[in-house]
Every structure is written in C-alpha cells, then in structure tokens.
Amino acid sequence: MKATARAHPIQGLVKYHGMRDPELRLPYHDSISVCTAPTNTTTTVEWLTDVDAEGGAQDTYIIDGEDVDGRAAERINMVVEYVRELAEFDHAVHFESENSFPSNIGFGSSSSGFAAAAMALVEAAGLDMSLPEISTVARRGSSSAARAVTGAFSHLYAGLNDEDCRSYRLESDLEDDLRIVAAHVPSYKETEEAHKEAAESHMFQARVAHIPDQIVEMRDALRKGSFERVFELAEHDSLSLTAATMTGPSGWVYWQPETIAVFNAVRELREEGVEVYFSTDTGASVYVNTTEEYVDDVRSRIDEIGIETDVWEVGGPAHVLPESDALF
C-alpha cells in the first residue's frame, strides 16, 4: 500500500480569499488558476498495514528532509484522516515529500504539496476516484490544491459540500504559448492568517460581489484564447486581493520594493508593445505572464533589476509516478 505522486503548483488568476469553513477549507467564492511547470512537489506515502494509527501518534511526516509538526502536521493530518475514512481503515502512514522550488515565498507550494499528497494517499489506499473527486481530498489541506489536482487552467467551484466544491479543468488554446517569468522575491508570509482575517476587511464584501463577473469573464477569455483579456484580468485581481489583505486587522503588506520594481518594468514593457502582465498571490514574488515570442526580452528586463528568475510553462494534472521514482 505504497504510491508516489507528483503535482505542479498553481498561479492564481481569479484568486480565492477567506474560508467559509476553515476545517473543510470551503472558500467563499469560485476561483481559477493555472499550474506552473516544471516546478513540482513529489510525494511518496505508505500505509503501514501492521500499525494502526492512534490519534496520529504513529504517523510520520517529512518534507524536504525535515520532520513536520505543529500546524503543518495538522493540515496534512486532515487529508490523511479523510482518506482513512474513505478507505475504511485505520492504518498509520509514512509520508515523505520534496519540493523542486522554494516554499513560502508566494509560488504556491502548499497547492502542489497537498495535491501530490492527496493523489498518493488515494492511490496507495486503492481508491478509485476521478481527478475532481481527488480535488476534494486535496482541498482539506489547501483550497488551491484542489486546482493543482486537475491541473493546467482549472476552476474550483464554491460550495458547502464535496459534490459542489470541487475542481474541473478548463480547456484553452493558451496552454501551449504561455510563458511565466517567475521573479523570486523572498519574504516570509502567513497565508493562512490572511485567509482568517479576510472577511474583516471593509473591502471584502466588495471583492466577493465583484468575483462572479470576473469568473465569467475569465472563463470566456480562456475559451476564446485571449491572452490580453486573461492576464489583464489576473493583474487586476492581484491588486484587488492585495487591497483586501492590506485592509484586514493586521494590515499585512507582503509586497517588497523588488515587487514594485517588477510591476514598473512590466508596465514599461507593455508601453513598448510587449504582451506582458504581472500577477501575485499572497506573497512578494511575482508571476510575469508573457508569450513564447517575448519571453527572452521579458526575462532580460527583470534580470536587469537584479532579481532571480525562472521561466515556467503550463503544468498538467497531478499524476501517479512509477515505483522507481519513490522517495523511500
């Protein structure tokens, strides 16, 4: 009862903010994202059939070579316990995970982490589930992980149960041409705390009222393959999300001077006729969205600022790896 899975992290396009139910991680509204590759999380799990879990005491969680405890372990355990419930057993689990990219700087490591975990746990338990069904498992660790399960451009529907609150992939011709220049701006963040405070911002209700129109616009733009519409919407949604975050009780400002420098460079490039837009999630790092035609020019301009960059493409859904790729 052992399996290994891999998933790609997401860039939020129409992002969710705030959780209606923090235990099941049910969002207040729909969200749409795109997965980024080759960045990924690889996770191997083994259900120990000769050891029954006793309040999670026998479970072991390791990420990037470090034992996991505290709130991080609690979130993994939410996913593990749900798979135990679905599989109708109480086996302990050994869990190891590795990220191919930096975590906790705004590049969605929790999304790929919980997507890979859900896929591996379900496979190792022998459960026959579709990707949208597995997305409800991953969602218990991170709402964004639901979209990382279905991959590429995906839409997570809001709802009060697992039948309604699950993710589905959206087909778009933009999958092949999109290039993402990832501008690394390290800055510690507390995404979970920001979600807890979301509804206390005086701008939150305005954002929630605005989102349904953004969702239908984004779906239409993706269906028609309109790069300009998709990423202009994503850029404006980044500003909207940050406005709500900054006006919560803690007044968190995640952006750094380097973040603003990237924004300015992107706007200058656009004035020069380059197809390029910026996007951020809850963090200081920046996704700079462009096309294959302009990617070298865009990366060169961001590099001139002195910021580390990578170039990413669209990543597919979470998937099971062969036994030879197991981490243990």
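Domain bounds here derive from an automatic or database domain assignment. On that basis, the chain of this predicted model is divided into domain 1, residues 2–172, and domain 2, residues 178–314. The centres of the two domains, taken over C-alpha atoms, are separated by 24 Å. Their contact draws 37 residues from domain 1 and 49 residues from domain 2.

The extent of this interface can be expressed as area. The size of an interface is often given as the accessible area lost when the parts come together. Domain 1 and domain 2 bury about 3,400 Å² between them, and 65% of that area lies on carbon and sulfur atoms. Within domain 1, Lys15, His17 and Phe107 lose the most area to domain 2, together accounting for 23% of what that side buries.

Polar interactions also link the domains. Two salt bridges are counted between domain 1 and domain 2, and the side chains of Asp281 and Lys15 meet in a salt bridge with an N to O distance of 3.9 Å. Residue pairs in polar contact between the domains number 17. On the side of domain 1 that touches domain 2, the elements giving two or more residues are β2 (10–14), β5 (31–37), α1 (70–87) and β10 (153–156). The largest share, six residues, comes from β5. By class, this side has 18 nonpolar, 13 polar and six charged residues.

Thr259 counts as buried because its relative accessibility is 0%. The side chain of Thr259 reaches the backbone oxygen of Ala284 at 2.7 Å. Leaving aside residues up to four places away in sequence, Thr259 touches Val185, Thr280, Ala284 and Val286.

Note on methods:
Residues are numbered from 1 along each chain as its sequence is written. This is a predicted model: local features need pLDDT of at least 70, side-chain atom pairs count only at pLDDT 80 or more; totals for chains, interfaces and linings use all residues. Side-chain values use heavy atoms; hydrogens and water are left out. Buried means under 20% relative accessible area, exposed over 50%, partly exposed in between (1.4 Å probe, protein chains only). A polar contact is a pair of N or O atoms within 3.5 Å; within protein, one must be able to donate a hydrogen and the other to accept it, and residues adjacent in sequence count only if both atoms are side-chain atoms. Contact means heavy atoms within 4.5 Å. Buried area is the accessible area (1.4 Å probe) that two parts lose on being put together, summed over both. A salt bridge is a side-chain nitrogen of Lys or Arg within 4 Å of a carboxyl oxygen of Asp or Glu. Helices (H or I, at least four residues) and strands (E, at least two) are DSSP runs, numbered from the N terminus. Ala, Val, Leu, Ile, Met, Phe, Trp, Tyr, Cys and Pro count as nonpolar, Asp, Glu, Lys and Arg as charged, and the others, Gly among them, as polar.
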